[in-house]
Amino acid sequence: MKIARRQTDNGPTLSVLDANDELVDLRGERDLASLLADDGKLHDVAEHALAERHSVTSSADAILLAPLDPPTFRDFSTFPEHTEGIVKLLDPGATIPDEFWQIPTFYFSNPYAIIGPFADVPLAPSCVDFDFELEVGAVVGAAGRDLTVDEAADHIAGYVVINDFSARDVQFREMRMRLGPAKGKDTATSLGPYFVTADELSSRVSGPSFDLRMEVAVNGEKIGGDTLDHMAWSFPALAAYASRGTQVRPGDLLGSGTCRSGCLAELWGRHGRGSRPALRPGDVVTTSVDVLGGTRNRIVESVASQTITPWRST
């Protein structure tokens with residue numbers, strides 16, 4: 001089952017994609033997290049909508065929004081080849097840290113930065129090295145705390161494409177304070193058009209993940225690609241770690257982290273800063289992931305960066 005959210009004259013509404021690529025509205029339903037919190041309700045509401053077909057819209061004519069507004073967004077690092085390339089950007093002799101294999105580490109990103117699959121993306125203020133990051137996210141469907149990996153598997157309701165836009169120069173500067181990333185990841189995170197329920201991927205299970213091809217292009221030129229089953233940590237492992245000592249709740253988004261060759265910074269680390277230019281206004285970034293869909297975002301000018309000074313100085 002694929003669930004989308006489209007803009008209407010009365011505000012956003014949830015829809016289910018039918019076999020003819022038409023969107024059938026879930027009457028009165030606007031919030032995916034609330035449906036997930038009520039066990040079994042999403043399936044029942046969607047089946048009722050498909051049978052009733054009260055309001056039907058061609059997917060080509062719909063104004064698609066992000067399928068959910070996640071209350072939290074934890075973004076992990078699970079692709080070793082990506083990590084290897086990133087660390088070389090800062091230190092050419094660096095290798096994958098031992099901690100990569102010990103914990104599925106993550107940072108908290110900004111849920112307010114979530115945008116739709118086809119929205120324009122402004123450059124981050126004061127950013128020179130603007131980048132994309134191709135990922136897949138798991139969406140939590142049931143609350144839990146201190147979950148085992150086996151238990152966590154039952155708490156994942158479905159999946160969505162993620163393109164996490166990153167201001168690399170801002171990010172690396174602020175991380176010298178041993179905090180962050182913060183403003184380096186604060187501008188825009190584009191989600192794919194569909195929330196795809198977990199059962200849709202049952203035939204594509206492969207190793208810790210799924211055999212899904214992932215690709216990203218800029219202005220029609222393919223930049224990188226990978227398969228999702230190259231993750232070193234499974235999505236249930238991510239959910240279990242996220243729940244350690246705290247709660248995960250319906251709608252929480254758990255990013256896989258960037259796939260191999262899924263961003264410019266990794267390529268800069270492998271091949272030098274001159275190998276690919278950073279994103280500029282007018283560039284169009286497209287992503288695609290088997291079954292899950294994809295995104296298409298145009299980069300536009302940033303707003304001016306306001307001056308901020310400390311109250312005290314050295």
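1. R53 is partly exposed, with a relative accessible area of 34%, where partly exposed covers the range between buried (under 20% relative accessible area) and exposed (over 50%), computed with a 1.4 Å probe on protein chains only. The model is a predicted one, in which local features need pLDDT of at least 70 and side-chain atom pairs count only at pLDDT 80 or more, while totals for chains, interfaces and linings use all residues. Residues are numbered from 1 along each chain as its sequence is written, and side-chain values use heavy atoms, with hydrogens and water left out.

2. What does R53 meet in a salt bridge? Its partner is E22, and the N to O distance is 3.1 Å, a salt bridge being a side-chain nitrogen of Lys or Arg within 4 Å of a carboxyl oxygen of Asp or Glu. Because E22 belongs to strand β3 (residues 22-25) and R53 to the loop between α2 (41-52) and β4 (56-58), the pair ties together parts that are 31 residues apart in sequence. Helices (H or I, at least four residues) and strands (E, at least two) are DSSP runs, numbered from the N terminus. E22 is likewise partly exposed, at a relative accessible area of 26%.

3. K183 pairs with D186, with 2.7 Å between the closest N and O atoms; K183 is exposed, at a relative accessible area of 53%, whereas D186 is partly exposed, at 23%. D290 and R204 also meet through their side chains, at 3.3 Å from N to O. This pair links distant parts of the chain, 86 residues apart, since D290 sits in the loop between β23 (284-289) and β24 (293-300) and R204 in the loop between β16 (195-197) and β17 (205-206). Both count as partly exposed, D290 at 30% relative accessibility and R204 at 26%. Salt bridges that share partners also join D131, E133, D164, R168 and K185 into one network.

4. In soluble globular proteins, nonpolar side chains tend to be buried together. In this model the largest nonpolar core has 62 residues, and F130 and F235 have the most contacts inside it; such a core is a set of buried Ala, Val, Leu, Ile, Met, Phe, Trp, Tyr and Cys residues joined through side-chain atoms within 4.5 Å. Among the elements that give two or more residues to this core are α3 (80-90), β11 (134-140), α5 (168-174) and α7 (264-271), while the largest share, six residues, comes from α6. Leaving aside neighbours within four places in sequence, F130 is in contact (heavy atoms within 4.5 Å) with residues that include V121, P122, F165, L264 and I299. A second, separate core of 24 residues includes V16, L36, L42 and A49.

5. Five strands form an open sheet in the order β9-β24-β23-β19-β20, with mixed pairing, where two strands pair if DSSP finds at least two bridges between them. β9 (121-122) and β20 (221-227) stand at the edges with a single partner strand each, so one side of each is left without a neighbour in the sheet. β19 and β23 run antiparallel and are joined by five bridges, and M214 stands opposite V289 in β23.

6. Helix α7 deserves a separate look. Six of its eight residues are buried, so α7 is largely enclosed by the rest of the structure. The buried residues are L264, A265, E266, L267, W268 and G269, and they pack against α3, β10 (130-131), α5 and β20. After α7 comes G272, whose phi is positive, near 100°.

7. The axes of α3 and α7 come within 7 Å and cross at roughly 65°; axes are lines fitted to C-alpha atoms, for helices over the stretch in contact, and angles run from 0 to 180 degrees between N-to-C directions. The crossing of α3 and α7 is left-handed, a term used if the near helix is turned anticlockwise from the far one by less than a right angle. Residues making the contact include E81, H82 and I86 of α3 and A265, W268 and R270 of α7.

8. Finally, Q7 has its place in strand β1 (residues 2-8) and is partly exposed, with a relative accessible area of 32%. The C-alpha atoms of Q7 and A62 are separated by 7.4 Å, although the two residues are 55 residues apart along the chain. Leaving aside neighbours within four places in sequence, Q7 is in contact with P12, I63 and L65.
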